[in-house]
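Subject: Handing over a structure

Hello,

Here is the structure that I promised to pass on. Please have a look at it, and then read on for what turned up in it.

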There are 2 protein chains.
Amino acid sequence: MSQQARAIETRAAIIRGAAEAFEQRGYGSTSLAQVSAAAGVTKGALYFHFDSKEALAVAIIDAQHEKSVGAGRALLDHNVPGLRALVSMSYELARQLRDDLIVSAGVRLTIEAVNFSTPVSAPYLDWMVACEEFLRRGIADGDVAPTVDVPAAARFFTAGFTGVQVVSDVLTRRGDIDQRLTEMWSLMLPGLVAPERWDDLKNLAVEVQRERSRPQP
Amino acid sequence: MSQQARAIETRAAIIRGAAEAFEQRGYGSTSLAQVSAAAGVTKGALYFHFDSKEALAVAIIDAQHEKSVGAGRALLDHNVPGLRALVSMSYELARQLRDDLIVSAGVRLTIEAVNFSTPVSAPYLDWMVACEEFLRRGIADGDVAPTVDVPAAARFFTAGFTGVQVVSDVLTRRGDIDQRLTEMWSLMLPGLVAPERWDDLKNLAVEVQRERSRPQP
């Protein structure tokens, strides 16, 4: 293995180890000694790649954000109707939160980052922009009412999803997140859907949740 | 001053000092030495009242929760219609978050508490119960559609509010929270209001926000 390949591997191991340690104890209560132990690298190697605990947290947030934005991008590229894509994306993010340690740690760190030297706002702002794109496509599709205030709805979707996963994390370690998302949509869809499309779309979230839970071929 | 009165005063000073320290640096990054410095008490006095950092955080969460629940209780006692009371409560909580250090620190600690030895779920569960009461009264008033799934709506209100204040905290240190709440309501009201009451209630949140911003006599 080349020296460069080894450096990339070490960096990835540090990020995984740090995600594990932060996820277990929370950001503030985790020491860099615990991170290097969890990653199986020396403190020297750790400092070679990251010069502070905050830099490490920001790297996890970036890695998570890349994965989550990738999921949204894939839906936009597949020509799924805008509103259905937005609903699907919420369940896909929930799946990542349950199954992927980097995503789970990254989202938790984003929330704790209010105390960082530089608050981490990019993930929220990027999600708002992505949601606006889904909603505008939904309006073009005729599914979303053209009267909807798109930036306001995108902001509230981002905040609402954030809250749903925080509360689900505290109460059930995210075990009930799909069910809670379906409840979120049943309350948000009436404010989004074009009246003439209501009969077709009122069960959209239940349908998407059911489809996703079917075994994939 | 009696010994008991002094003890009560010291305890309150510790809670205020701890709230200040946690609010500035986050829970995990705050040491008990920083708390005793912020509270102006010795470490001995601190340990006399609280036997761990977590016990201190839980005391702040309890103090915050009492204040916030008190605001909800006052609205229920004043015979305000249920839906209007729920909307008013959300702005009152936002005001407490902006103006009251104990509330602000308590809410932030509740979110960080996912890493505590005992996760703090009581505030979320109590809010869900309170919201159910507001919504049931709203149905009795004829304002809320009787078809609304009351426990689901109460869960989503609690999660949605949580997310709105988290995102507002990160992006603007809660400077835009009232405006973001009004957006939340404009998206949630269509899923809650009885169709025959829509014309009267569609601007409810804007009205409540405006009323509250008027100087009080």
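**The fold of chain A**

Chain A has 11 helices and zero strands (helices, H or I with at least four residues, and strands, E with at least two, are DSSP runs numbered from the N terminus). Along the sequence, this gives the pattern α-α-α-α-α-α-α-α-α-α-α. Taken along the principal axes, the C-alpha atoms of chain A fill a box of roughly 65 × 35 × 35 Å.

Before going further, please note that this is a predicted model, where local features need pLDDT of at least 70, side-chain atom pairs count only at pLDDT 80 or more, and totals for chains, interfaces and linings use all residues. Residues are numbered from 1 along each chain as its sequence is written, chains are lettered from A and ligands numbered from 1 in the order in which they are written, and side-chain values use heavy atoms, with hydrogens and water left out.

**What UniProt lists**

An unreviewed UniProt entry places the feature "domain: HTH tetR-type" at residues 8–68 of chain A. UniProt positions are given in the numbering used here, feature names are shortened, and annotations may be inferred rather than shown by experiment. In the model, residues 8–68 of chain A are 80% helix and 0% strand, with the end C-alpha atoms 21 Å apart. UniProt also lists residues 31–50 of chain A as "DNA-binding region", again in an unreviewed entry. That span is 75% helix and 0% strand, and its end C-alpha atoms lie 14 Å apart.

**Links within chain A**

Over all chains, the structure holds 34 salt bridges (a side-chain nitrogen of Lys or Arg within 4 Å of a carboxyl oxygen of Asp or Glu). One of them joins Arg108(A) and Asp169(A), at 2.7 Å from N to O. Arg108(A) lies in helix H6 and Asp169(A) in helix H8 of chain A, so this pair ties together parts that are 61 residues apart in sequence.

Asp100(A) is also worth a look, in the loop between helix H5 (82–99) and H6 of chain A. Its side chain makes a polar contact with the side chain of Lys67(A) at 2.7 Å, and the side chain of Asp100(A) also reaches the backbone nitrogen of Ile102(A) at 2.9 Å. (A polar contact is a pair of N or O atoms within 3.5 Å; within protein, one must be able to donate a hydrogen and the other to accept it, and residues adjacent in sequence count only if both atoms are side-chain atoms.)

**Where the two chains meet**

The contact (heavy atoms within 4.5 Å) takes 41 residues from chain A and 41 residues from chain B. About 3300 Å² is buried between the two chains, and carbon and sulfur atoms give 72% of that area. (Buried area is the accessible area, with a 1.4 Å probe, that two parts lose on being put together, summed over both.)

Two salt bridges cross the interface of chain A and chain B. One of the salt bridges is between Glu183(B) and Arg155(A), whose closest N and O atoms are 2.6 Å apart. On the side of chain A that touches chain B, H8(A) gives the most, with 14 residues.

How are the copies related? Chain A can be laid on chain B with an RMSD of 0.0 Å by a turn of 180° and a shift of 0.0 Å along the axis, which is the relation of a two-fold axis. The superposition is by least squares on the C-alpha atoms of residues with pLDDT of at least 70 in both. As 100% of the interface residues of chain A are also interface residues in chain B, the copies meet through the same surface.

Best wishes
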